[in-house]
Amino acid sequence: MTQASLTPPGRLKAYDPAQDADAVIKLIEEGFNLKNDPESMSIISQMRLAAQRQAQGGVIAGGEFRQPGYVWVVNDQIVGNINIVSFLDKLRHIALIANVAVKPGFQHLGIASAMTKHALRYAQQKRASEVWLQVGSDNLAARNLYAGLGFEVIRRVSNWVLDPVTPRLRPLGNCDPTLFRLTGRRMGDWSKQKAWLEATYPTDTRWYASVNFSQFQPLAWLNPFAWDWVGNLSHFALRREHVLVGLLSWQTGMQNADYLWPAIPENPDEDDVMTCLVTNFLNNEWGGRTTRLEYPDGRMEKTLERLGFRLNRRLDWMKFKR
């Protein structure tokens, strides 16, 4: 009998921040093994602080939540959790199912399946045009569960981390200074940068990101709604014999880490281009703060490792198709 066909013990109830926060935060921390991920533990700390503030201010009415949560209870013990996060992308309501966790000892009883089915019904009632979730690429049991419920893998991405260390000069590798030249980004570079960004970070899974690529374009500062973004972005361009071959955008000011957004066409020279861009960034700009980079799975992995990045996790983007 599959998990999707089991009738699990217990019941589902709406998440109550005043009563459930501590148990849910502990469940998420243990369920996703976050103790070795400093950024995730920072988020856990923020969740605890937010829960304390909510508890001090009294219970918040369920209708005020933009991200409804549910917990699974067995004999008055919280053993499961699920959240539905809403995004608005060009007037489309997109729902992301997140933080699906079941306590060890209660797994494989159908609880995750029951919670996910409820989340799908909720998203459909709210007329979400799309429903997505992310799952660890190595979590075969969860991937099979979601596939059985109608989700399909759309793409796989790798999350890389450059851990905080004292900056040091790094060798330029194959970055021949007589061939490659690093410059500031020029006005005319935007059309290629936009196309390369869209190829690397497809639009169908970019609504969740902490950055809006439209605010990368030159003169974005003319839009007052983009001022916070523009002040936190720096762009570097690499040219080979005066021809633009790649760009690197540096996003600072985020609470837990900085982010790098490479815009490099997929071709035989992309490893050299990435090496030149990132090495120059590390030698001349980087201050040693935790820096993250997301990239399509399987692309330039050895290059990123050689540059000092650590593979943090591989994630599958799955979309509900039924």
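Predicted model: local features only at pLDDT ≥ 70, side-chain atom pairs only at ≥ 80, totals over all residues.
For my notes on linings, Ala, Val, Leu, Ile, Met, Phe, Trp, Tyr, Cys and Pro count as nonpolar, Asp, Glu, Lys and Arg as charged, and the others, Gly among them, as polar.

**Entry 1: the cavity**

My search gave one cavity of 30 Å³ or more. The volume of the largest cavity comes to about 80 Å³. I then listed its lining: 13 residues, of which Tyr 201, Pro 202, Thr 205, Tyr 208 and Glu 294 are the closest to the centre. Sorted by class, the lining holds eight nonpolar residues, three charged ones and two polar ones.

**Entry 2: the overall picture**

I stepped back to the whole protein. I counted eight helices and 12 strands. Of the 322 residues, 46% are buried. I also looked at contacts with a separation of 6 or more, and 71% of them join residues 24 or more positions apart.

Next I checked confidence. The average pLDDT is 85, and 84% of the residues score at least 70. The stretch I flagged is residues 58-65, where the pLDDT is below 50. Beyond near neighbours in sequence, that stretch makes five contacts in the model.

**Entry 3: helix H4**

Which residues of H4 are buried? I found Ala 142, Leu 145 and Tyr 146 in this helix, which covers residues 140-148. Looking down the axis of H4, I saw the buried residues fall within an arc of 95 degrees, so they line one face of the helix. The spacing makes sense to me: an α-helix has 3.6 residues a turn, so residues three or four places apart point the same way.

Asn 99 has a phi of about 55 degrees. Asn 99 sits in strand E4, residues 92-102. Is Asn 99 buried, exposed or partly exposed? Its relative accessibility is 30%, so I noted Asn 99 as partly exposed.

His 108 also went on the list, with a positive phi near 65 degrees. I placed His 108 in the loop between E4 and helix H3 (111-125). At a relative accessible area of 57%, His 108 is exposed.

I turned to Phe 309, in the loop between H8 and E12. Phe 309 has a relative accessible area of 4%; the cut-off for buried is under 20%, so Phe 309 counts as buried. How far apart are Phe 309 and Leu 162 in sequence and in space? I got 147 residues in sequence and 4.6 Å from C-alpha to C-alpha. Leaving out residues up to four places away in sequence, I found that Phe 309 touches Trp 160, Val 161, Leu 162, Leu 260, Val 278, Thr 291, Leu 293 and Leu 304.

Leu 260 turned up again when I looked at Phe 281, whose contacts beyond four places in sequence are Phe 236, Leu 248, Trp 250, Leu 260 and Trp 286. Phe 281 belongs to helix H7, residues 270-284, and is buried at 2% relative accessible area. Between Phe 281 and Phe 236 I noted 45 residues in sequence and 8.3 Å in space, C-alpha to C-alpha.

Thr 303 lies in helix H8, which spans residues 301-306. I marked Thr 303 as buried, with a relative accessible area of 3%. Setting aside residues up to four places away in sequence, Thr 303 touches Asp 271, Met 274 and Thr 275.

My last stop was Met 187, in the loop between strand E7 (180-184) and helix H5 (190-200). Is Met 187 buried or exposed? I have Met 187 down as exposed, since its relative accessible area is 57%.

How values were computed
Residues numbered from 1 in each chain as written. Heavy atoms only, no water. Helix = DSSP H or I, 4+ residues; strand = E, 2+ residues; numbered from the N terminus. Buried < 20%, exposed > 50% of the residue type's maximum accessible area, 1.4 Å probe, protein only. pLDDT = per-residue confidence, 0-100. Contact = heavy atoms within 4.5 Å. Arc of directions from axis to C-beta. 1 Å grid on protein atoms, 1.4 Å probe; cavity = no way out; pocket = protein on both sides within 12 Å on 5 of 7 lines; lining within 4 Å. Points joined across faces, edges and corners; volume = space filled by probe spheres on them.
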